[in-house]
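Colleague: I would like to learn how to read a protein model. Can we take one feature at a time?

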Amino acid sequence: MKTKLVAAILIKVVLLTVSFAQQLNLVADPESERILDKAAQAEGGDNVLGTLRTLRLTGSIWVSSQRVSEVESIIKFPDKFCDTFQNADGSTLKYGFDGTEAWKRVTARMGLTGLPRLQLLLPAAQWRLRYTEAKFVGQRKIGHRQAYVVRALVRGQSSPADYYYDAVNYVLLQVDIAETVPIIYHVSGFHDIDGLKVPREWSFGENRTVIASIKLNIDIDDKQFAKPK
């Protein structure tokens, strides 16, 4: 009797796992899988990334020597996020993904990308649950460093981005976004926070975002990811 009960439970678990995998509909080639798994280990490994429930980031955006905006990012793994930009002139930009629908709310004309800040902080964290596509597109030189390039599409995003990972230690070096005006983010200043290896800042052109604080596994209500009415 117990054997039959255990077998029935195992079958249900397998069916649920298969159903979830089919729902995510991830398409990834073997080389992109290898690189992203290595990148995830570089970011913190399964023991750290696997226990991530939430993350809250705060920081400032600078243009040259002038601070122009405050940024807050909240993430509920695997894929819910909300990024808020509060500008010095009082205008705001807020965008997110509630797990099903992507949304944006803007109070002024702003040219910031809709790429989640998480993709510049921990792009390989729980990637199999967050990506719908991943493809290895070759090797490139970033300065004097050789990099593997993975083109990936995140759930809730309409277009993919190219992620450049150091070919030696697999840390993120650069992210390219092919928008109307292409944006190239450079990532730098990695340090350790509770077992995570995260950058201190990222930049494009004269714009740079400097991280002030990161808090892990705090309570975040799902309502904070809902589309504003």
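**Reading the model**

Modeller: Start with one pair. The Ser73 side chain makes a polar contact with the side chain of Asp83, at 2.8 Å. A polar contact is a pair of N or O atoms within 3.5 Å; within protein, one must be able to donate a hydrogen and the other to accept it, and residues adjacent in sequence count only if both atoms are side-chain atoms. This is a predicted model: local features need pLDDT of at least 70, side-chain atom pairs count only at pLDDT 80 or more, and totals for chains, interfaces and linings use all residues. Residues are numbered from 1 along each chain as its sequence is written, and side-chain values use heavy atoms, leaving out hydrogens and water.

Colleague: Is Ser73 buried or exposed?

Modeller: Buried means under 20% relative accessible area, exposed over 50%, partly exposed in between (1.4 Å probe, protein chains only). Ser73 has 1%, so Ser73 is buried. Across the protein, 42% of the 229 residues count as buried.

Colleague: Which residues does Ser73 touch, beyond four places away in sequence?

Modeller: Contact means heavy atoms within 4.5 Å. Ser73 touches Leu55, Arg56, Leu57, Cys82, Asp83 and Arg117.

Colleague: What is a nonpolar core?

Modeller: A set of buried Ala, Val, Leu, Ile, Met, Phe, Trp, Tyr and Cys residues, joined through side-chain atoms within 4.5 Å. The largest one here has 50 residues. Leu55, Leu121, Leu122, Tyr163, Val175 and Ile214 touch the most other members. Another core, of six residues, lies apart from it; Val149 and Tyr164 are among them.
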